[in-house]
Amino acid sequence: ANEYLAEGYKKLTGYEVDGGGFDWYGRAPAHEGLTAYGLMQFKDMRAVYDVDDEMIKRNAEWLLGRKDGEGGWQINKKHLHKWSKSEVMDAYINWALAEAGYGGKIQEEINTSYEKGIADNDSYMLALLANTLHLTNDERYENTVDELIKLQETNGSWKGTAHSAMYSKGKNLEVETTALAMLALMRNDQFKGELAQAAKYLTSAKTSYGFGSTQATVLAMKALTAYAKTMNNEARDGAISVFVDDEKVLTKKYEVDNGQPIIFENIEKYIKSDKQKISIKFEDTETALPFDISVNYTTKNPPNHPAAKVELKTQITDESIGTGETVRLTATLTNTADNSLPNTVALVGIPAGLSVQAWQLKDLRDKEVFDYYEMWDGYLVLHYRDLEANETQTIPLDLKADIAGTYESPASCAYMYYTNEVKHWAAPNKITIQ
């Protein structure tokens, strides 16, 4: 864990630009919203890692210098329109600065957010506001929380009415809003029922890759971890049972103080078809443990999400080549919407045995075929600040054949970064290297 922290800290600080602030690709000018996000990351990291306090101070002061004089914040016009100046972004920056210990320097901005948040009655805004007000010892926290409670849904969640600071919508916005509301309510010990319902919703929202977007996942983990600390004091011994199609197949007893994972092995022998209902239930206890559960499956060619707004196609020109030769892989990324899309990502699957050429990637980036690239295990990952309405980008890649054999790439996909559950997939490519 310490190694991950060290590596992550080094990468994160590399996105700071000259003069203060952070940018997606570490190039000036800095972005106000992303700088606020960075302050939140480093503030949380400081509890478990030696973070440079001067770096936090430098970036907080840069952000404080971006006040617009009207109770809000300036947003550099170069940056993505979806992260442009808005009441939501103003409230998020306020929260980040309050978390970093600078709440006393943004009273005018907090007052403006309070007036707008109460008037708009948006649960996302109110949750941000409630956290900010509590951090600054503002008596208006109680009234804000009272308004927030009125907006809780019957399933335990809170639904923002517009979008988050990261322009998340749909499920991601719901997860972010619920997590922020939980964090606000846990600052007061009067809302156990509401918190239990919210925690139940967040737990059910977990997927194989987290809780949705990066921000949704971070906030959900933050809220559930804090909630688990309070629940651990109330949980009792009991048992956990696994049911397949409502038939109990496995049971394990547990003790609260044990502290070890509860592991069910060899469950596959109870799975007889591809469509069965698997349930896990607590038994013989009045108060269940806080829990996390993971279910994973694999498929060569996943189904496309019906709401996907970007499409990706990939094609290799030859099915067989010799070692040392190159083969053209063409990836075609298309925005099918009638509006521009921010933060689009394409994961292009590269068959093992072939390698991308660094000089070509740099050349394509310089020609603005994409804004940024990185390599993951089996994937070339391409990032776009913005795709215009109905825009198509064609990415020609000359892959070098390194090792003889027959290889198949993982399925490629494209999605918007903050709605990463909405993916369009391209089938794997297969090639033989002689």
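**Exercise 1. Two neighbouring helices**

Work out which residues of helix 2 meet helix 3, and how the two helices are arranged.

*Solution.* Start with the contacts, where contact means heavy atoms within 4.5 Å. E32, T35, A36, L39 and F42 in helix 2 meet M55, I56, N59, A60, W62 and L63 in helix 3. Helices here are DSSP runs (H or I, at least four residues), and strands are runs of E with at least two, numbered from the N terminus. The model is predicted, so local features need pLDDT of at least 70 and side-chain atom pairs count only at pLDDT 80 or more, while totals for chains, interfaces and linings use all residues. Residues are numbered from 1 along each chain as its sequence is written, and side-chain values use heavy atoms, with hydrogens and water left out.

Next, take the geometry. Helix 2 and helix 3 (residues 53-64) pack at about 150 degrees, and their axes are 10 Å apart. Axes are lines fitted to C-alpha atoms, for helices over the stretch in contact, and angles run from 0 to 180 degrees between N-to-C directions. Helix 2 and helix 3 are therefore roughly antiparallel (under 35 degrees counts as roughly parallel, over 145 as roughly antiparallel, 65 to 115 as roughly perpendicular and the rest as oblique).

Finally, the hand: helix 2 passes helix 3 in a left-handed crossing. A crossing is left-handed if the near helix is turned anticlockwise from the far one by less than a right angle, and right-handed if clockwise.

**Exercise 2. Aromatic pairs**

Find how many aromatic pairs the whole structure holds, then classify two examples.

*Solution.* The search finds seven aromatic pairs. Rings of Phe, Tyr and Trp (its six-membered ring) pair if their centres lie within 6.5 Å; planes under 30 degrees apart count as stacked, over 60 as edge-to-face and the rest as tilted.

F22 and F42 are 5.9 Å apart, centre to centre, with 35 degrees between the planes, and this pair is tilted. F22 lies in the loop between helix 1 (2-13) and helix 2 (32-45) and F42 in helix 2, so the pair ties together parts 20 residues apart in sequence. Both F22 and F42 are buried (buried means under 20% relative accessible area, exposed over 50%, partly exposed in between; 1.4 Å probe, protein chains only).

For Y254 and F282, the centres are 6.2 Å apart and the planes at 85 degrees, so the pair is edge-to-face. Y254 lies in strand 2 (residues 247-254) and F282 in strand 3 (residues 278-283), so the pair ties together parts 28 residues apart in sequence. Y254 is buried at 7%, whereas F282 is partly exposed at 27%.

**Exercise 3. Charges over rings**

Which residues lie over the faces of Y114 and Y415?

*Solution.* R140 lies over the face of Y114, 4.7 Å from the ring centre. K423 lies over the face of Y415, at 4.6 Å from the ring centre. A charge sits over a ring if NZ of Lys or CZ of Arg is within 6 Å of the ring centre and within 35 degrees of the ring normal.
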